[in-house]
Amino acid sequence: MHLFKRAVIVVFGVAFAAMGLSSPASADMSVDKMVVSFFPDKGKTEDIVVTNRGDEVLYVQVTPEQVTDSALPTEKRDVIRNPVEAGLLVSPRRIVLQPGDTQVVRLVKMRPFEEEAVFRVDLKPVVGELQAEQSGVKIMVGYNLIVFVAPDNMNVSLDTQRAGQKLTLINNGNVNIDFRNIVQCSDAALLDVADSQECLTLNANRLYPGRELTVDLPYDAPVKLRQYSGGKYETVVTQ
């Protein structure tokens with residue numbers, strides 16, 4: 001899963017850390033989800049609940065971005081200027097939260113897609129003023145959410161190829177596959193044994209449509225994949 005937090009640390013007055021003049025002022029923002037997905041026949045709106053858990057008024061700038069070449073070195077993000085053309089409306093673009101308050105940011109799918117679309121929603125706190133004659137540090141934590149919009153004709157298809165202690169995962173579908181858990185044990189009989197010391201959890205990234213990923217394996221035994229794609233979880237055991 002992708003979890004993106006953005007910390008903004010702003011220093012006011014003279015060297016707070018060195019002189020210990022005051023305590024940090026904190027505006028504590030939280031969101032109820034970090035990944036948003038739109039699937040066919042599952043509705044055209046999704047809500048993000050933003051909460052101010054701090055003791056100061058929180059000002060938040062909401063910036064939606066359209067992503068191309070996601071997770072590649074050529075990845076590009078463009079701020080959405082025309083929601084109809086981009087296919088995603090995010091509203092409101094600015095929110096003000098009193099301490100303890102919550103606010104809903106609504107995402108609306110504006111049109112059908114032939115291919116999976118990827119967006120980002122940047123929730124960036126805007127720094128307010130400290131009290132007069134106060135020196136200190138204000139720590140602001142922002143979030144960068146990822147949004148997936150599946151095509152209307154959604155197809156989940158994972159192919160696997162095994163060559164010794166290498167496993168190649170190939171996404172032949174048209175939506176991303178999020179590998180929640182990849183486990184291999186020294187013996188296939190241990191795959192269903194909880195907390196076995198003879199089993200290892202392997203790292204794997206989210207696999208986008210049309211891409212492949214090769215995972216190095218410690219053993220020659222089968223591998224158990226726990227994946228999430230198209231709104232469903234599936235467990236697959238490869239030989």
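A pocket, on a 1 Å grid over the protein atoms alone, is an open set of points with protein on both sides within 12 Å along at least five of seven lines. Keep that in mind for the second stop; what you have open is a predicted model.

**Stop one: colour by confidence.** The protein averages a pLDDT of 84, and 82% of the residues reach at least 70. Now select residues 7-26, where the pLDDT is below 50. In the model this stretch still makes 47 contacts beyond near neighbours in sequence.

**Stop two: the largest pocket.** Its space comes to about 320 Å³. Select Val67, Glu115, Glu116, Ala117 and Val118, which are the closest to the centre among the 15 lining residues.

Move along to the open sheet with strand order 16-15-18-19, where the pairing is antiparallel. Strand 16 (199-202) and strand 19 (232-238) sit at the edges with a single partner strand each, so one side of each has no neighbour in the sheet. Look across the strands and you'll find a twist that averages 20 degrees from one to the next.

Now zoom in on strand 15 (residues 178-185) and strand 18 (residues 223-229): they run antiparallel, joined by six bridges. To see a bridge pair, pick Phe179 and then its partner in strand 18, Gln227.

Conventions:
Residues numbered from 1 in each chain as written. Predicted model: local features only at pLDDT ≥ 70, side-chain atom pairs only at ≥ 80, totals over all residues. Heavy atoms only, no water. 1 Å grid on protein atoms, 1.4 Å probe; cavity = no way out; pocket = protein on both sides within 12 Å on 5 of 7 lines; lining within 4 Å. Points joined across faces, edges and corners; volume = space filled by probe spheres on them. pLDDT = per-residue confidence, 0-100. Contact = heavy atoms within 4.5 Å. Pairing = 2+ DSSP bridges. Helix = DSSP H or I, 4+ residues; strand = E, 2+ residues; numbered from the N terminus. Axes fitted to C-alpha atoms, helices over the stretch in contact; angles between N-to-C directions.
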